[in-house]
Amino acid sequence: MELIKTVILGVVEGLTEWLPISSTGHMILVDEFIQLDVSKSFMDMFLVVIQLGAILAVVVLNFEKLNPFSSEKSTAEKRETYRLWYKVILACLPAAVIGLMFNKYMEEHFMTAPVVATTLIFYGIMFILVENYNKKRKPIVDNLNKMSYKLAFIIGMFQVLSLIPGTSRSGATILGGILFGASRFVAAEFTFFLAIPVMFGASLLKMVKFGFHYSGAEILILIVGMATAFVVSILSIKFLLKYIKNNDFKAFGYYRIVLGIIVIAYLFLVGDPTQNG
């Protein structure tokens, strides 16, 4: 049963990490109904480290594009790949600084169902408003190589918003990219690459905080969770990149609003699941 629960959590992570609907928000809520028989400290670590599976999906799907040492690339192409990594690192700095400064405070005060419900609805509305605003605008940046360091940093500033659960890291950075002139495809693609150092860093911090003393069962849970997230993430990423070629993000906005309302209804009827026990 524990492995079945782990697979379900891996599926949720793989689906929600890349779609702009908040993976952390979903994982907090799903954890109420699918509780693993593990310690709270392990579960807190697991909900972050499981993202490594999702990240590996990005690396595998884009290995050639992200590899500056590829023998198949010209000198100019290698320089372009290095520039892409510089932009990614620059964009990571705001969330890294703010996250390290306020991580403990946010974990203690923001990891709650009311916060998740509020941010789900708020950014759902924002997606609809931004898409309506963007309808008659033509993207300034329609290719990732054309993205400036300034735009990369601005997208990184939007990533800071995602430190609050329910916001969605991909949702916040895609919104920022679209608002400041990037096409949906470029905003989404850069968001995927931006996740690599962010999630590796967050996972490493969680693992160090937990300590490297795992039981056999805990190791199995981590492996199964990450493997499931990896497979589902590959499907999610391919779906999203195909979807946004002909569609906007409004559907995700409506989904977020409906889910937020359901969470609020649950809060009134049952209470805050994140505060129980």
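Let me start with S236, which is buried, at a relative accessible area of 4%. Buried here means under 20% relative accessible area, exposed means over 50%, and partly exposed lies in between, with a 1.4 Å probe and protein chains only. This is a predicted model, in which local features need pLDDT of at least 70 and side-chain atom pairs count only at pLDDT 80 or more, while totals for chains, interfaces and linings use all residues. Residues are numbered from 1 along each chain as its sequence is written, and side-chain values use heavy atoms, with hydrogens and water left out.

Back to S236. S236 is found in helix α11, residues 216–243. Helices here are DSSP runs of H or I with at least four residues, strands are runs of E with at least two, and both are numbered from the N terminus. The side chain of S236 reaches the backbone oxygen of G14 at 2.9 Å. That is a polar contact: a pair of N or O atoms within 3.5 Å, where, within protein, one must be able to donate a hydrogen and the other to accept it, and residues adjacent in sequence count only if both atoms are side-chain atoms. Which residues is S236 in contact with, leaving aside its neighbours within four places in sequence? They are G14, L15, W18 and L19. Contact means heavy atoms within 4.5 Å.

Next, the pair α1 and α2. Helix α1 covers residues 2–16 and helix α2 covers residues 23–33. Their axes come within 9 Å and cross at roughly 160°. The axes are lines fitted to C-alpha atoms, for helices over the stretch in contact, and the angles run from 0 to 180 degrees between N-to-C directions. α1 and α2 are therefore roughly antiparallel to each other. On the scale used, angles under 35 degrees count as roughly parallel, over 145 as roughly antiparallel, 65 to 115 as roughly perpendicular, and the rest as oblique. The crossing of α1 and α2 is right-handed. Right-handed means that the near helix is turned clockwise from the far one by less than a right angle, and left-handed means anticlockwise.

Which residues meet between α1 and α2? From α1 there are L9, V12, E13 and T16, and from α2 there are S23, H26, M27 and V30. By class, this contact of α1 with α2 has four nonpolar, three polar and one charged residues. Ala, Val, Leu, Ile, Met, Phe, Trp, Tyr, Cys and Pro count as nonpolar, Asp, Glu, Lys and Arg as charged, and the others, Gly among them, as polar.

In the loop between α1 and α2 is S22. S22 is buried, with a relative accessible area of 2%. S22 has a positive phi of about 80° although it is not a glycine. Most residues other than glycine have a negative phi.

Now the loop between α8 and α9, where α8 is 149–161 and α9 is 169–179. S168 lies in this loop and has a positive phi of about 90°, again without being a glycine. S168 is buried, at a relative accessible area of 5%. T167 lies in the loop between α8 and α9 too, and T167 is buried at 1%. The side chain of T167 reaches the backbone oxygen of L161 at 3.3 Å. Not counting residues up to four places away in sequence, T167 touches S22, T119, Y123, L161, S162, A172 and R256.

As for helix α8, its buried residues include L151, I154 and F158. What covers the buried residues of α8 includes α6 (75–109), α9 and α10.

Helix α3 is residues 40–49. How many of its 10 residues are buried? Seven are, so α3 is largely enclosed by the rest of the structure. The buried residues of α3 are F42, M43, M45, F46, L47, V48 and V49. They pack against α1, α2, α4 (51–61), α10 (184–210) and α11. L47 counts as buried at 17% relative accessibility. The C-alpha atoms of L47 and A113 are separated by 16 Å, and the two residues are 66 residues apart along the chain.

Last, α4 and α11. Their axes come within 7 Å and cross at roughly 50°. That makes α4 oblique to α11. The crossing of α4 and α11 is right-handed. Among the residues making the contact are L52, G53 and A54 of α4, with M226, A229 and F230 of α11. The residues of the contact of α4 with α11 divide into 12 nonpolar, two polar and one charged.
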